[in-house]
Amino acid sequence: MRTFFWWFGMGALMTLSVLMIQGGVHDLLYQTHPTGSANAVLTFTMTILGGGMLAGCVALIMNRLR
């Protein structure tokens, strides 16, 4: 489980950094997202958690294959 949480955190941080580069944080902070603020926060959070889940699950699979 420690491996999963480590890679979950790394995946979430990498996803956050990609969103920041693309300007998603600017849109979130200044509410320029066309669908509204609450929906933008939910979409932003789900994207970050999805990136973390992807990295954590791949790390577990690679650990089992080793």
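Modeller: Happy to! Let me start with a term: a residue is buried when its relative accessible area is under 20%, exposed when it is over 50%, and partly exposed in between, using a 1.4 Å probe and protein chains only. This is a predicted model, in which local features need pLDDT of at least 70 and side-chain atom pairs count only at pLDDT 80 or more, while totals for chains, interfaces and linings use all residues. Residues are numbered from 1 along each chain as its sequence is written, and side-chain values use heavy atoms, with hydrogens and water left out.

Now to α1 itself. Helices are DSSP runs (H or I, at least four residues), numbered from the N terminus. With 21 residues, α1 spans 30 Å from its first C-alpha to its last, close to the 30 Å expected at 1.5 Å a residue; the expected span is 1.5 Å times one less than the number of residues. After α1 comes Gly23, which has a positive phi near 95 degrees.

Which residues of α1 are buried? They are Phe4, Gly11, Ala12, Thr15 and Leu19. These residues lie on the same side of α1 because they cover an arc of only 100 degrees around the axis, taken from the directions from the helix axis to the C-beta atoms. On the face turned away from that buried side sit the exposed residues Arg2, Trp6, Met14, Met20 and Ile21.

Rings of Phe, Tyr and Trp (its six-membered ring) pair if their centres lie within 6.5 Å; planes under 30 degrees apart are stacked, over 60 edge-to-face, and the rest tilted. Two aromatic pairs turn up in a search of the whole structure. The Phe4 and Phe5 rings make an edge-to-face pair, because their centres are 5.6 Å apart and their planes stand at 70 degrees. Ring pairs join Phe4, Phe5 and Phe8 into a cluster.

Further along, Ala12 and Leu19 belong to the largest nonpolar core, together with Leu28, Ala40, Phe44 and Ile48. Such a core is a set of buried Ala, Val, Leu, Ile, Met, Phe, Trp, Tyr and Cys residues joined through side-chain atoms within 4.5 Å. Leaving aside residues up to four places away in sequence, Leu19 touches Gly24, Val25, Phe44, Thr47 and Ile48, where contact means heavy atoms within 4.5 Å.

Methods: Helices (H or I, at least four residues) and strands (E, at least two) are DSSP runs, numbered from the N terminus.
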